[in-house]
Amino acid sequence: VVMDTESDTDQTQPQDITLSFPDAETVEAALPTREIPSFAAVESHPETPVESDIIKATQYAVNNLSGPLSSVPAGGTIAVGLGSRGIHDIQTVAQVTIDELISRGYNPVVIPAMGSHGGATPAGQRQTLEEIGLNEETLGCSIDAGMETTVLGETTRGHNISFAQSAVDADGIIVINRIKPHTNFTGYIESGLSKMLTVGLGKQAGARTFHETALTNGYVDTIERALEIICDTVRVIGGIGIVENFHEQTAHIDGIPADKLPEAETSLLTRAESYLPTLPFDDLDVLIIEKIGKDISGAGMDTNVVGRYRVLNADNPDTPAISRIVVLGLTETTHGNGQGIGLADITTANVVSELDFEQTYTNALTSASVSKAHLPLVMPSERHAIQAALGTIGQYDPQTARIAWISDTSQLSQFHLSTGLLPGIEATDSLTIKQRMELCFTDDIARFDPLTDS
C-alpha cells in the first residue's frame, strides 16, 4: 500500500491509496502447480411448482387486502414499497398491484424500500429500480426516492424506529417483496414483508439502527418490536408476498394484511425453504463462483448456498462445509458494490479493480456486516486464483478433489463438477451429466471446452 504521508497533509481528508498485489512471478514462486481435474457439465432439475397466471394471482393477492384498503379514503395516496432484488416477475406483480389500486380509486406512489442500497442516495435508489425494469413509465405512477426519514418511536430495546417520510405522509402502505431464507439469520420470519417494512422503508438511517440493535438482540426480536411500533403509528395496509421456486420462477403469490404480520409469513417461508436452490453436496474442497452482486443477494452470494454468514452473534450453517471459495467477477448491475466479497477466500485483481468502495463500505457500515467487505487473497489472474485454491486445501489428488463451479448462487440448475464429485450422480433422478468438460485458459482467463477422446 502506498499513500501520501507528508506532515502537512490534512489527515482529516481521504488519502490517495494505491493497492499493489503480488504479480504472477511472485505467486508462482510460492504456489505449487496442481493438475486440474476434468469436469462435467451437470443439470439439476428437481420437481418444483410454478404459478401459471401471475396477473390473476396478483389480483387475488391485492383483493386479500381489501379489508384494510377500505379504510383509506377515496383518492388517498398508497405508498408501494419496492426493493432492489432481481425478483423474476417483479415488473408484472408491481404493475398489476398499481393498476388494481388505481382501479379502486387510489393514488399509488412507489417508494424504494431498500435501506442504504444504491449508495444511499435518491438518484442511486431510483437507478437501482430502473435496472430491474421499474420506472415511472412502466409502473404507471410516480416514484418518490427521497431519503428523508422520521422517528416513529423507540422500542424497549432502545431502538429508534426511523421510517421513510414519504411513507409516513401516505394514507396507506403496501410492500411487495420476495419471501425467502435470509442471508444473516434464521427464524420463523426472515427475508420478506416484515423485514422490508422495518429495514427497507427505514432508508439508511433506519437500516443502520436496525442492524445495530439486531446484532445485540437478534434479528427476529428486532423485527417484531419495530413492526409493532410501525403498525401502531402509520397506516400499513399489508404486503404482497412472492415465493420463487428452484429455478427462480414464481411459485406462489399471496396478499397478507398488516394485522396478520409477521406470523402469516411463516408458511410462505416454509415453502420458500423447500424450493431453495442449493448445492447437491454437504462438503466441497473448492467452490468457484463466476459472479457475485447485490442483484443476486444482499450478501453478494447467498450465504445459505455457501454455508457462511460471517455475522456477529450468528453461527454459520452446518452445511455445506466449503474449504475454499473463489470469486471471479461482479455482476454488471451491482455497479461495483462488492459487499459479500469477504465471504470468499480468493479473488482476482480484476475483481478488486471493479470494486466501488464507497458503495461497498456504505453497505457494510449500514448493515454492520463488515466482514463481508473484507478483501480476500487477491491473485493476478483467474488461473492463479484457481491454482491458489487447489494449492491450499491440503493433500491433493485431482481424481478425488471435490470442486464445483457455478455462475452465481441463484443459478443452480446448471453447473460444472469435478470428476471427484461424479460417482453416484448417474443414479440421482434430479441430476443429469450432460457432457464431459476440460478447464482451459486463454491469457489466464478460464473457460470450459468439451472433452474429446484422444
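Reader: What volume does the largest pocket have?
Author: The model is predicted. Rolling a probe the size of a water molecule over the atoms shows where empty space is left. For the largest pocket, the volume comes to about 380 Å³.

Reader: Which residues that line the largest pocket are the closest to its centre?
Author: The lining of this pocket is made up of 21 residues. Among them, those closest to the centre of the largest pocket are R178, E244, E248, I296 and S410.

Reader: How many residues in the lining of the largest pocket are charged?
Author: The lining of the largest pocket can be split by class. Six of its residues are nonpolar and eight are polar. The charged ones number seven.

Reader: What is the volume of the second largest pocket, and which residues are the closest to its centre?
Author: The second largest pocket has a volume of about 250 Å³. Its lining consists of 16 residues. The closest to the centre of the second largest pocket are G118, T128, T333, T334 and H335.

Reader: Which helix gives the largest share of the lining of the second largest pocket?
Author: By class, this lining has one nonpolar, 11 polar and four charged residues. The largest share of the lining amounts to three residues. They come from the helix spanning residues 122-130, α5.

Reader: How do helix α9 and helix α10 pack, and are they oblique or parallel?
Author: Two packed helices are described by the angle between their axes and the distance between the axes. Helix α9 covers residues 203-217 and helix α10 residues 219-233; their axes lie 7 Å apart at an angle of about 130°.

Reader: Which residues of α10 does α9 meet, and is the crossing left-handed or right-handed?
Author: From α9, the residues involved are F210, H211, T213, A214, L215 and N217. On the α10 side they meet Y219, D221, T222 and I223. The residues of this contact comprise five nonpolar, four polar and one charged. Where α9 passes α10, the crossing is right-handed.

Reader: At what angle do α9 and α14 cross, and which residues of α14 make the contact?
Author: The axes of α9 and helix α14 (residues 357-367) come within 7 Å and cross at roughly 50°, and the two helices are therefore oblique to each other. On the α9 side, the contact is made by Q204, A207, R208 and H211. By class, the residues of the contact of α9 with α14 are one nonpolar, five polar and one charged. Those supplied by α14 are T362, T366 and S367.

Terms used
Residues numbered from 1 in each chain as written. Predicted model: local features only at pLDDT ≥ 70, side-chain atom pairs only at ≥ 80, totals over all residues. Heavy atoms only, no water. Axes fitted to C-alpha atoms, helices over the stretch in contact; angles between N-to-C directions. Helix = DSSP H or I, 4+ residues; strand = E, 2+ residues; numbered from the N terminus. Left-handed = near helix turned anticlockwise from the far one by under 90°. Contact = heavy atoms within 4.5 Å. Nonpolar A, V, L, I, M, F, W, Y, C, P; charged D, E, K, R; others polar. 1 Å grid on protein atoms, 1.4 Å probe; cavity = no way out; pocket = protein on both sides within 12 Å on 5 of 7 lines; lining within 4 Å. Points joined across faces, edges and corners; volume = space filled by probe spheres on them. Parallel < 35°, antiparallel > 145°, perpendicular 65-115°, else oblique.
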